[in-house]
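Take a moment with the model before reading on. The text below goes chain by chain.

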Amino acid sequence: MQSKKFTAFSHIILMLNCIVVFVPIFIVVMLSVSNEQDILDYGYKVIPMHIDFSAYKLIFEDMTAVAKATGVSLFSSILSPTFVIILCGTIGYALSQPRFAYRKHVMKYILVTMLFSGGLIPTYIINTQYLGLYNNILVHAVLGLVSGTNIILLKTFFSQIPTSLIEAAEIDGASQKRIFVSIILPMSKPIVASIFFSGMLGHWNDYSRSLYYISDKDLFDLQYFLQNALQSASFLKETYANNPSFANDAIPVETLKFALSIISCLPVLLVFPYIQKYYSKGVAVGAVKE
Amino acid sequence: MISRDNSQVHLKRGMGAVRFKQSIPYILLSLPAMIYLAIFNYWPMFGIVLAFKDYKIAHGIFGSRWVGLKNFEYFFTTNDLARVLGNTILYNLVFLVVIGLFFGMFFALILYEIRSKFFNKLYQTAMLLPFFLSYVIITAITYMFLSPSSGFLNTVLQAFGASPIKWYNEPVYWPFILVFVESWKQAGFASLYFYSALLSIDTSLFEAASLDGASRIRQIWHISLPELRPMACITIIMRLGSIFGSDFGLFYQIPMDQATLYPATDVLSTYMLRGLQDGSFGTTAAIGTFTGVVGLILVLGSNAIIKKISPENSMF
Amino acid sequence: MLKKSLSLLLAVCMVAFVFAGCGKKVDTSKEVTLKWILFNAEQQDADVVEKEFNKQLEKFIPNTKLDIVFDTGIGSKWSMLMAAKEEYDIAWTGYTLGMSGALNDGTYMPLNDLVKDYGPAIEKEMKEYADSYSTGMDDGELYAIPNQQPILHQTSYFRIPAEFIEYFPKADFLKECHSNYKTTEKTYQLLEDYFSKVKASGKVASGKITIDPLNFFKAVVTRGYDFVGTSMGGAWLCYDVRDNSGKIVNFMQTDAYKLYIKYAADWVEKGYIAQDYLVGANGYKEIGTCNVTEMWYGLDEEEGVRYQYGKDGKVEYYQFLTDTTDNMYNGASIFGSEKTYTVIPYTSQNPERAMMLINLLRSEEGADLLNLMIYGFEKNSDAAKEYGTYHYTLTDDCAQGIDYTIQPSSTSIYGIPHWVVGNVFLCYRTPNILEGQSEYAKDFIANVKPSLTKTALYGFRPDMEALSLQTSRVSSALSEYHSTLIAGSLGKNYMASYNAMIDKMNTAGLEDLLEAINKQAKDYMSKK
């Protein structure tokens, strides 16, 4: 049974962790609604002297652009991890089965890609010249789908699933594909959820795709759109330093940084409750006792 | 200890045709990913030749002239190399042990103890959140603590009568600061994979063990920890493979690119950014090739070692 | 049968060959769309203005359309766009990019022939703005056409907020600066006097005052030395502008440098420079700022002093120019130092048309088109009536824009900064450009600038690529200490760091580097 002391100990540590995490984030929220001039004059203060939403106002000024960018981000953040699970899961399953005689060779094939890369320029040339991904919305959904890390993670978890289950299904006449979809995936919910979730959020936060491959503003994802806003704001601020007569009220560069971060990590808070159920206990792998 | 991994099963050798026939469905399953890698990873690999060329954009990759090992020479004859490589490797080793292994497993284990659904959700959210914050913000937060004139740390120090420290001038504190910040950001997320492994344990095992009179600690030692071993091995092998990589945001943005701190904060990626000219792709490619080769050696090496200790967890 | 077709093919080829070589007549029979990539965010009405622009362009260059691509990320993307052979016909380039690197990579198309055949207005400009154009040339070949902007010459100023003017030793400061081409100890003392008075006055309640030491260094400390090789940032190779031997030295070893770092350390102790300036000095009142390389349209209110007005019409800042035209000089040439240029990328398939367009926008006849591109629609124009939107009103005095500033934001009504596109002297005067400034500027460029003293190494541009290995080694040795030294943040023990820095630079090969570059300089001077 549970050791009460141990549980209490766990609670304490995890509570401390909560404080260490939530307090700085709370501070970030507070700073994002501070007045820019106050920050410049008095430095960072946890309780803002004046509440000021100008950073958020600046971001949401152009609602259609924000909506479009959010749409692109949602599209890519959902499609991409789905493809990741499909591509990495299939090969991960194949590698987990000892009957696959060539799995060590395939592993090596994957390993090389993890260690060596052609570099940014050749990748860019191929993606734009031969694969037509420049200013193409697909670029948000097809890059970086297969990584050795994910394959290895999935393979390890899949190999924990007892072969007796798989053999039982084969006797029933199921193809490997069906086994993968109907047995393996459902039994691996935690790891699949982890990969899906981290892929989704990593994708959400990554603005390098838009930076390098998109110049059409209708195809920006939200993160790049926000980065752009920050860049234009700081650019304007630098220029106004030389020409004070053109300065309007302080352009919210500092507060903009904070507002951007809060917007970026909102998805975590919103999506997490749905992913959470895959992390609850009771996902027992025990349908067939050994 | 109940072994539930199936890799002990081996086919008899010499049954080539049968092996092939049995492998076909798996080959088919592997094809999508392998084709993907062929297009997006292997095809651009021809670019590794850039390591041996003096790349001029207008001449293209194939038109630029060969310079043999000159790009490598450039990299190896710099004066700061020892320090930069030393920092990179040391930090990565510390991160591996402290964050990848220790915190990863520790948090997974204690989270596993939490029964209440509400607290479980709360704690997991807290563990995940820092991972998704950008380093821009984390820099601002560290600055709030470390600012020499108005930071929290110095204010507290002065309240206790001690003299304030010029945090951004003294390299000696920074290994601790960086390890702390990186743990804050990554530990929670690292533990999630270990936690997934724990979830797949059959809970009846724990019941059986406690009926036998085992304390919680012993239960963890004998049941949970072994479940974490595969994940731990993967962590070791993969982090060793990327031992020359660094989280750029951590080493560049957090110390705010303060030159006096370089002895403690300069790693390969920040060094590359600073020391190389604009667009010298040749040298970048050379360093990439070099680190790739060393990474390969490390991965194969650590895999061989793990094979000797617990063969089921090796990757090849 | 085969032989017959082959010989027919051969005949056709030969004929085509002959005609292809025939003269450089302007051939505008083919439909061409030119792509121009600009450094700016896309504003409202951009597509409408582009449509009208193309309509009017027909009259000048038939069968040609312009497609403007706005991209604020051009600095980081340029290498990749060029490596991937993206076709652009005209591109902005400048301070956000490493122009020397882009030149070495061969991504800029050589323009001499194109200018000769299609660019008469540009040829004229080359004579008018000879120094400016030399910064876009390499080895006699033009690669980058400088965009003429309201920056006339490289000089520096020290600027203070108007509220502190009573504490500033105006006359003494100006006299000391103007009569010495280098910054003397007395100058620092005068400034220190000013700082202490501001602090004592109590006008800054928190007592936290600072100047900007990094820009102060670039502007004031380096006076009298001209830098070679690369623009100031990161460079240390320089020579004394009045030294006729043109000996290139390491600036960090000059007395000027040593003098300043002493004062910097002292000023941090006394609280005149924020001690954490390098990591972000929030909450400090800036009592002195500088800028190094810009002299805006110069209309002094008093001799050597320029006023900057705030929105309410009152003086907000006083700028003290540290140099008169006697001190100013024409020095070494640095590729890209004019900061904003127009180039034709090597990937362009229509360089002739591209040059024609660039030429048009810099000629008198194309001035209306240029203003359309930059400002949008005038209130009473046909275009405004047709499209139902306008962006400025032309009064007798100047163009009154709606919401238009020199550097608009992405939510402003349409407008492109004039320095992104072309020659500011062809643009309408706006309220931002004061009356009389254009005339002053033209006069300065035509008469004053060419008459400034030419240094011993005037026009010198060293071959930095040959020295790149040593340069980067020495540079990384210096970078560890340099910024902390000039920000004074090391406190009383700064000398130890200074000595360490010099040692490291020497170990990194400073002597060899100086020898090599001085040899280049000697060769250059002997050829003049």
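Two residues are in contact if their C-beta atoms, placed from the backbone, lie within 7 Å. By that rule, residues 24 or more positions apart account for 73% of the contacts in chain A with a separation of 6 or more. This is a predicted model: local features need pLDDT of at least 70, side-chain atom pairs count only at pLDDT 80 or more, and totals for chains, interfaces and linings use all residues. Residues are numbered from 1 along each chain as its sequence is written, while chains are lettered from A and ligands numbered from 1 in the order in which they are written.

Stay with chain A. It has 14 helices and zero strands. Here helices (H or I, at least four residues) and strands (E, at least two) are DSSP runs, numbered from the N terminus. Of the 290 residues in chain A, 44% are buried. A residue is buried if 20 or more other C-beta atoms lie within 10 Å of its own, exposed if 12 or fewer, and partly exposed in between, with C-beta atoms placed from the backbone.

Now turn to chain B. How many of its residues are in contact with chain A? The count is 79 residues of chain B, against 82 residues of chain A. Several helices of chain B give two or more residues to this side, among them α4 (81-112), α8 (174-199) and α14 (281-309). The largest share, 14 residues, comes from α1(B). By type, the side of chain B that touches chain A divides into 49 nonpolar, 22 polar and eight charged residues. Ala, Val, Leu, Ile, Met, Phe, Trp, Tyr, Cys and Pro count as nonpolar, Asp, Glu, Lys and Arg as charged, and the others, Gly among them, as polar.

Chain C brings strands. Two strands pair if DSSP finds at least two bridges between them. An open sheet of five strands in chain C runs β2-β1-β3-β16-β6, with mixed pairing. β2 (64-70) and β6 (145-146) of chain C stand at the edges with a single partner strand each, so one side of each lacks a neighbour in the sheet. Within the sheet, β3(C) and β16(C) run antiparallel, joined by four bridges. Trp92(C) has Thr342(C) as its bridge partner in β16(C).

Look next at β10 (residues 237-240) of chain C. Leu237(C) and Tyr239(C) lie on one side, Cys238(C) and Asp240(C) on the other, and all are buried. In a regular strand the side chains alternate between the two faces of the sheet. β9(C) and β10(C) pair in the antiparallel sense over three bridges. There, Asp226(C) has Tyr239(C) as its bridge partner. β10(C) also pairs with β11(C), antiparallel, over two bridges.
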